[in-house]
Amino acid sequence: MKTMINATRILLGCALTLHFWAGCSSHHAGGDGGADGFSDGSDGGGDKSDSGGDPGPGHCPPDPLCGSVCCAADELCLHDVCVKQAATCVTDGECQDDSYCDAGHCIPYGSGPRGDTNPDCTRLVVAGLFQPALQCEWTGPPAGDPYPAHVQVLGTPVVVDFDFDNDPETVRPSIVFNTYDGLDGDSGCITELDGVLRIIDGATCQTQFTLGPYLNGSNPVAVGDLDNDGRPEIVAHRNLGGTLAYRYDAGSGAWATLWEAHDAGGNPLAPGEAATHWGGPSLLDLDDDGVPEVLSGGLVYDSRGLLLDDALGLAGVHAVGFPVAADLDGDGRVELANGNGIWEWDAAAHVWKLERAFGGAHGYVAVADFGTYTPAGEDRTMLDGVPEIAVVENGQARLDALDGRTVFGPVAIPSSAGGGPPTIGDFDGDGRAELAASGSDSMTIFDPDCRGVPQAATCPTLRSDGILWSQPSQDHSSNITGSSLFDFEGDGKVEAVYADECFVRVYRGSDGTVLYSQWRSSCTWNENPVVADVDGDYSAELVVPSNESCENVVPSSLGGRSYDVSPGGHPMDPLFAGLPCKGDSDCAHSCLEGFCRCTADADCGGGGFVCAPPPAGTPGAGNTCRAEWRGKLHGVRVYRDTLDRWVGSRPIWNQHAYAVTNVEDDGRIPRTSTARKNWQVPGLNNFRQNVQGDLNPEHIPDLTSGRGDFDPGCVGSSLSLHARVCNRGTNPIAAGVSVGFYLGDPAAGGTRVCAAQTQRSLAPGECETVDCTWDGATEYGQDITVVVDDGSERSECLEENNRGIIRGAHCPPA
């Protein structure tokens, strides 16, 4: 006799839910065999009168049972499942009701050779096909906020999941950034209230919390778990140069000050107004005791805010800046790099001790392994596990070995003064590190392989001046903005993301082609866009800050190059030829010579794009979708790929000096002895670049629906419908997948009677039951078609297998 099993919301394999009969191959003797030629027990609703002990007119007896049931006369037993004898499929896309094609027959997942997932599900990413769209934006707090004028974002945002939902299994990150209420273009510490901290929902950009005031409004924060309670804290700079930490209390649902920086006597520390300049703190476990320290310039505080060492002072790090420290020489002790020397942390005495002074000037730094550099020569083909120090200062970039020798450069940033914090990654896919830096008039990638007689395999542009490529930009205010890196396409070549005063751009790593551009505005500090999974959807998003400071910051020139003018009279980015495409399906109008062509602005999808003639020399005929500057703006914008094709990213970017291995996904700071050295980890060897983390960039989810049912009774004419949604792919998929329930076939004009959404993420092989109420059911049985990803918003392995059928849904006779 069949038995009912209890309701379970997340299930693996063939485990079923409320109203489903135990056993994936259970077969109603009176059923129709299902939509795909196999019998799965999903063809009936509340009336189960056909499920008695009589095996019916199938093949048994005398044939043996097929699993636990008898097959009908026109069926055969395949993998313990009854299927129609005639072949019903050639590909998986022809199978519905949570099944796959095997030997010409649709077999329920959980049965047969495949099991619970399709191991062949892989992502096809078309290189260079960048069409991001605005996911959400924060332009100010809600009504009633005590600091309504604090909307200018001067520093780099950070991303982390504070676990506000008290569910560590569900990832829902927040974005954290300082805001300022002045337009002075200075330190963020001149107005009466100075900086105010904002915490917003990464998925919606809605304000979650406001902290402050009296912070340095230009300084980015750092986030990490200071007290090992499993939840990250926020570390920020005060307007008077001190440091403080905020802690979230889950019991009260509110934030409170955890500590303010103080000396051994408990006296608060305030070095002076704007003493931290534009810098931000870094978190690192210096003592290898499992508890992180806080680095602010050259100052070191313990996890409770006690000043441990002030010998180097705030200026011990260039321009206070963003401290970069790690066990550089592999001796088990942490070193601080600053361009003009290396200091080692004495864990017993709690002080920095000079290990080696360099001959060069100090500057903004990053670290990675650029090859083997000995006094006898260099070998870029051999990574020796020892990092070099990338230094950017005074309009130049260079590499220093740990012994103080300059092994590359200095090379001038073309047409530029200044030079901001460097980023490091593999831009051209040759397995070797290159460094990026931006100055007043250009964004440049420096490559030691681009010297002497360069080879196309390691220097695709064949330049011989130490530069892989350089593109003009406009940063005439600070000259020292940063950038970030991400391999959006998962092809092993990173893209550079840089925002100057007027546009944020994504550059192809190998040659600098601008793949995407969108208008923004900033008087510029040290800020940079960041890439992270800000909403827990297992795909990367791009976070861009903006401000309206400085009246004179408008498009003027890029390295001496003028801006194009749109039909409406506004400046257009001359570096961006238009939205790229591979075929007409990528465009609203048409695709020609790799660019979407348009006849009206509506063909460009809105946002900051306008239909206009392309730059001179662009191949093909017709207008393209250009990036137009539409005036100053403030706040934070989050961009996502319109077709959900970007690969996944870690859900964290915890500080300006971010290097992947410096923090765990949940905000824990690893102890020194167990922390992986970024430059020694295969696939990393980067700095200020985010990565896929545990996700495989080639993997992709696959949604199915099946084994739907309905309640045995109605409330009036309201009938509860149920369907199981499964992920049969190779990557997780986030909550919020749309599920439509249709009376009839929606492709033939069927009407949607109700809708639902999944409530949590589904790992490969996991399923969830969703429910909705159909108002208007009758006593006459009608088939309901269930469509998963009803809005076609999620990228998945197969788009054709998203349907299931609820047979004969009805209310019982009155």
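User: In what order do the 4 strands of the open sheet with antiparallel pairing stand?
Analyst: This is a predicted model, in which local features need pLDDT of at least 70, side-chain atom pairs count only at pLDDT 80 or more, and totals for chains, interfaces and linings use all residues. Residues are numbered from 1 along each chain as its sequence is written, and side-chain values use heavy atoms, leaving out hydrogens and water. Strands are DSSP runs (E, at least two residues), numbered from the N terminus, and two strands pair if DSSP finds at least two bridges between them. The order in the open sheet is 29-30-31-32.

User: Which residue in strand 30 stands opposite Ile424?
Analyst: Strand 29 and strand 30 (residues 434-438) run antiparallel and are joined by 3 bridges. Opposite Ile424 stands Leu435.

User: Is Asp327 buried or exposed?
Analyst: Asp327 lies in the loop between strand 19 (324-326) and strand 20 (335-337). Buried means under 20% relative accessible area, exposed over 50%, and partly exposed in between (1.4 Å probe, protein chains only). Because its relative accessible area is 9%, Asp327 is buried.

User: How far is the backbone nitrogen of Gly330 from a polar atom of the side chain of Asp327?
Analyst: For the backbone nitrogen of Asp331, the distance to a polar atom of the Asp327 side chain is 3.2 Å. For the backbone nitrogen of Gly330, it is 3.0 Å.

How values were computed:
A polar contact is a pair of N or O atoms within 3.5 Å; within protein, one must be able to donate a hydrogen and the other to accept it, and residues adjacent in sequence count only if both atoms are side-chain atoms.
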